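Good morning, everyone, and thank you for making time for this. Please look at the sequence and the structure for a moment before I start to talk through them.

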Amino acid sequence: MAQKKAYYTVWKGKNPGVYKGWQACKKEVEGFEGAKYMGFITRDEAEKAFNTSYEDSLKLIAKKKKGSKELMKDIGPPNYLSISVDAASSGNPGIMEYQGVDTKTGKKLFRQGPFEEGTNNIGEFLAIVHGLAYLKKHGSNRVLYSDSRTAMAWVRKKKCNTQLKPSEKNAALFEMIHRAEEWLHSNSYNTPVVKWETRAWGEIPADFGRK
């Protein structure tokens, strides 16, 4: 599912600039002859585009689409008999949460957090382990997708190799890390943990949409 465009860049309109939401953009371009504008998911993307030209932005989008199609031919589509996991952190460290969803339908299977002091990598690690435990509990032979190579490596080594220091704020989170590591050491599983190919398939279905 494509992410909703939240910001709009107006290169040619009543008042060129970056606007939040379509309604704000519409006021600047409606009735303006030859208006040039484009929607983006994040403000950062919209502001970067505003500092270039409308034509260059069109070329960049076309190039990305072409690249995605070519990669899709080489890689093929994702395996929809799977679950996808992802994490989001506001700051590093910061407020962190993670979730797992059905890759095909987007149905939420589990969600944890927010945790007061965590990192994205910790969340990605916990999400994978939670996903593995979930699939084993339900006797499922599905694939598990993650877009974090770091977290996947930690899971293979059965160790959350974070540099975050334990504190009163994150005590509960470190307890979860400890339990996740124990689970990896005491359980076997056949679930393939596979890298989600973002460039070919877009954002992972479990993405929180905060990039």
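Is Glu175 buried, partly exposed or exposed? Before I answer, please keep in mind that what we have here is a predicted model. Glu175, which is found in helix H6, has a relative accessible area of 39%, and because that value falls between 20% and 50%, Glu175 counts as partly exposed. If you look for Asp102, which is 73 residues away from Glu175 along the chain, you will find that the C-alpha atoms of these two are separated by 27 Å.

Let me turn now to the interior. In soluble globular proteins, nonpolar side chains tend to be buried together. In this model, the largest nonpolar core has 28 residues, and the members that touch the most others are Tyr98, Ile122, Phe125, Leu126 and Ile128. Strands S4, S5 and S6, together with helices H4, H5 and H6, each supply at least two residues of this core, and the largest share, 8 residues, comes from H4.

Take Ile122 as an example: leaving out residues up to four places away in sequence, Ile122 touches Met96, Trp154, Cys160, Thr162, Leu164, Leu173 and Ile177. Why do we call Thr162 buried? Thr162 is buried because its relative accessible area is 19%, and the cut-off is under 20%.

H4 and H6 each supply at least two of the lining residues, and by class the lining has 7 nonpolar, 2 polar and 1 charged residues.

Finally, I would like to point out two details of the backbone. Most residues other than glycine have a negative phi, and most peptide bonds are trans. Lys158, however, is not a glycine and has a positive phi of about 60°; this residue is found in the loop between H5 and H6, and is partly exposed, with a relative accessible area of 33%. Gly113 and Pro114 are joined by a cis peptide bond, with omega about 10°, and Pro114 has its place in strand S6.

Terms used. Residues numbered from 1 in each chain as written. Predicted model: local features only at pLDDT ≥ 70, side-chain atom pairs only at ≥ 80, totals over all residues. Heavy atoms only, no water. Core = buried A, V, L, I, M, F, W, Y, C linked by side-chain atoms within 4.5 Å. Buried < 20%, exposed > 50% of the residue type's maximum accessible area, 1.4 Å probe, protein only. Helix = DSSP H or I, 4+ residues; strand = E, 2+ residues; numbered from the N terminus. Contact = heavy atoms within 4.5 Å. Nonpolar A, V, L, I, M, F, W, Y, C, P; charged D, E, K, R; others polar.
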